[in-house]
Amino acid sequence: RYEYFPNPGELISVSLFHKRMEDPIVSIVRNTSGSGSFKSWQNSPSGFIQGIELEYQKRFFDYFTFATNGTYIRSEIEGVTDDRGVSLGSGTVFEGQPEWIFNARLSFDHPDWGVQANLNYNYVSEVLTNVSADPRVANIFQRGVHSLDFIASKEFGDGWKLKMSIKNLLDSEREQFYEGEDLVYDGYSTGRTFGIGLSYDY
């Protein structure tokens, strides 16, 4: 990891990472008689994750901070087999591990006003969610997801603090699909979440 601090509160960094794992656990989808299916878990012989992360943070106009980081990840698992050595398919990439992750944050902090506010953006590219145990059925991936959150607070005299938040402003749909096919396995939306709270510290 290399870090450089141009000014107080500012950062430029580059990180490299590599990790090899033995017997990682993989989610397996097995078909039942009829049209049903069920999920179980199986160990892959081995797998690895490696990549690079870039990070940048900059302060401006005294009260604002912009921070961002992006990560590229390459991952791979060996083919999954059952107790008899029969192939259950290969995830090729590590389950739950996206190839790209991107975060950005715009912050406002004014101590004299007692006001703090953050706008947070996050993007995660598609991820493998299930390895198919049926060679006739493709593996299942989840499409990339964008999210945007807003959080703010205001401090008053005598220890009172008002907080509010709006989570998942974009309300992106979580959609799972069969690899290499234009066919949806599952899809849902979590909806937006609104919060407000009043606290007192003494």
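This is a predicted model: local features need pLDDT of at least 70, side-chain atom pairs count only at pLDDT 80 or more; totals for chains, interfaces and linings use all residues.
Q: Before we start, what counts as a strand here, and from where are strands numbered?
A: Strands are DSSP runs (E) of at least two residues, numbered from the N terminus.

Q: Okay, so where does Val137 lie?
A: Val137 lies in the loop between E9 and strand E10, which covers residues 140-142.

Q: Is Val137 buried, exposed or partly exposed?
A: Val137 is partly exposed, because its relative accessible area is 26%, and that falls between the 20% cut-off for buried and the 50% cut-off for exposed.

Q: How far is Val137 from Val29 in space?
A: Their C-alpha atoms are 9.6 Å apart, although 108 residues separate Val137 and Val29 in sequence.

Q: Let's zoom out. What's the order of the strands in the open sheet?
A: The sheet has nine strands, in the order E1-E2-E5-E6-E7-E8-E11-E12-E15, and the pairing is antiparallel.

Q: Which strands are at the edges?
A: Those are E1 (2-4) and E15 (193-200), and each of them pairs on one side only.

Q: How much are neighbouring strands turned against each other?
A: On average by 15°, with direction ignored.

Q: Let's look at some pairs. How many bridges join E5 to E6?
A: There are 14 bridges between E5 (residues 46-60) and E6 (residues 64-77), and the two run antiparallel. Phe48 has Glu76 in E6 as its bridge partner, while Ile49 stands opposite Ser75 in E6.

Q: What about E2 and E5, how many bridges join them?
A: Twelve bridges join E2 to E5, again with the strands antiparallel. In that pair Ile12 stands opposite Tyr56 in E5.

Q: Back to E5 and E6. How many residues are between the strands of that hairpin?
A: Three residues sit between the two strands, and Phe61 in this hairpin takes a positive phi near 50°.

Q: Is Asp62 buried or exposed?
A: Asp62 is exposed, because its relative accessible area of 60% is over the 50% cut-off.

Q: Which loop holds Asn168?
A: Asn168 is in the loop between E12 (160-167) and E13. Its phi is positive too, about 60°, and Asn168 is not a glycine.

Q: Buried or exposed for Asn168?
A: Asn168 counts as buried, because its relative accessibility is 8%, under the 20% cut-off.

Q: You mentioned E13. How many bridges join E13 to E14?
A: Four bridges join E13 (residues 174-178) to E14 (residues 184-188), which run antiparallel.

Q: New topic: pockets. What volume does the largest pocket have?
A: Its volume is about 180 Å³.

Q: Which residues line the largest pocket?
A: Among them are Tyr72, Ile73, Arg74 and Ser75, along with Val93, Glu126 and Phe141. By class, the lining has seven nonpolar, two polar and three charged residues.

Q: Which element gives the most to that lining?
A: E6 does, with four residues. The elements that give two or more residues are E6 and E9 (127-132).

Q: Where is His110 found?
A: His110 is in strand E7 (residues 100-110). At 6% relative accessibility, His110 counts as buried.

Q: What does the side chain of His110 make a polar contact with?
A: With the side chain of Tyr63, at 3.5 Å.

Q: Last one: where is Gly9?
A: Gly9 is in the loop between E1 and E2 (11-22), and at 38% relative accessibility Gly9 counts as partly exposed. Gly9 and Thr65 are 56 residues apart along the chain, with 8.4 Å between their C-alpha atoms.

Technical notes. Residues are numbered from 1 along each chain as its sequence is written. Side-chain values use heavy atoms; hydrogens and water are left out. Two strands pair if DSSP finds at least two bridges between them. Axes are lines fitted to C-alpha atoms, for helices over the stretch in contact, and angles run from 0 to 180 degrees between N-to-C directions. On a 1 Å grid over the protein atoms alone, a cavity is a set of points where a 1.4 Å probe fits but cannot get out, and a pocket is an open set with protein on both sides within 12 Å along at least five of seven lines; lining residues have an atom within 4 Å of a point. Grid points are joined across faces, edges and corners, and a volume is the space filled by probe spheres set on the points. Ala, Val, Leu, Ile, Met, Phe, Trp, Tyr, Cys and Pro count as nonpolar, Asp, Glu, Lys and Arg as charged, and the others, Gly among them, as polar. Buried means under 20% relative accessible area, exposed over 50%, partly exposed in between (1.4 Å probe, protein chains only). A polar contact is a pair of N or O atoms within 3.5 Å; within protein, one must be able to donate a hydrogen and the other to accept it, and residues adjacent in sequence count only if both atoms are side-chain atoms.
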